[in-house]
Amino acid sequence: MKIDWAALGSVFGVSLVATVALVSLFTLGIIGLSKQEQAAAQGGSATLARTGAYACFALCLAAVAYGIYLIVV
């Protein structure tokens with residue numbers, strides 16, 4: 001049995017980058033929603049924060065759906 005260390009390292013690297021990117025996007029979405037609540041409490045408009053948060057969550061959903069697609073197909 002021979003292990004292809006280069007392929008294993010490549011898979012590890014891509015998995016690490018994808019995980020960090022997905023967690024970062026979700027965190028930005030949560031921050032956007034908290035900024036929305038702060039703006040609403042201060043009487044301002046929170047449209048930009050809400051739109052950015054929803055965009056981050058949509059990108060997270062798209063990444064997860066693409067991952068499932070890659071596994072199934």
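**View 1. The crossing of α1 and α2 is left-handed.** "Left-handed" here says that the near helix is turned anticlockwise from the far one by less than a right angle. This is a predicted model, where local features need pLDDT of at least 70, side-chain atom pairs count only at pLDDT 80 or more, and totals for chains, interfaces and linings use all residues. Residues are numbered from 1 along each chain as its sequence is written, and side-chain values use heavy atoms, with hydrogens and water left out.

**View 2. Helix α1 (residues 5-41) and helix α2 (residues 47-72) cross at roughly 155 degrees, their axes coming within 8 Å.** That makes α1 roughly antiparallel to α2 (an angle over 145 degrees). Helices are DSSP runs of H or I, at least four residues, numbered from the N terminus. Axes are lines fitted to C-alpha atoms over the stretch in contact, and angles run from 0 to 180 degrees between N-to-C directions.

**View 3. Here is where α1 meets α2.** On the α1 side look for residues including L22, F26, I30 and L33; among their α2 counterparts are A53, F57, C60 and V64. Contact means heavy atoms within 4.5 Å. By class, the contact has 15 nonpolar, three polar and two charged residues. Ala, Val, Leu, Ile, Met, Phe, Trp, Tyr, Cys and Pro count as nonpolar, Asp, Glu, Lys and Arg as charged, and the others, Gly among them, as polar.

**View 4. S15, A18, T19, A21, L22, A63, Y66 and G67 line the largest pocket.** Five of the lining residues, the largest share, come from α1. The lining divides into five nonpolar, three polar and no charged residues. A pocket is an open set of points on a 1 Å grid over the protein atoms alone, where a 1.4 Å probe fits, with protein on both sides within 12 Å along at least five of seven lines; lining residues have an atom within 4 Å of a point.

Technical notes: Helices (H or I, at least four residues) and strands (E, at least two) are DSSP runs, numbered from the N terminus. Angles under 35 degrees count as roughly parallel, over 145 as roughly antiparallel, 65 to 115 as roughly perpendicular and the rest as oblique.
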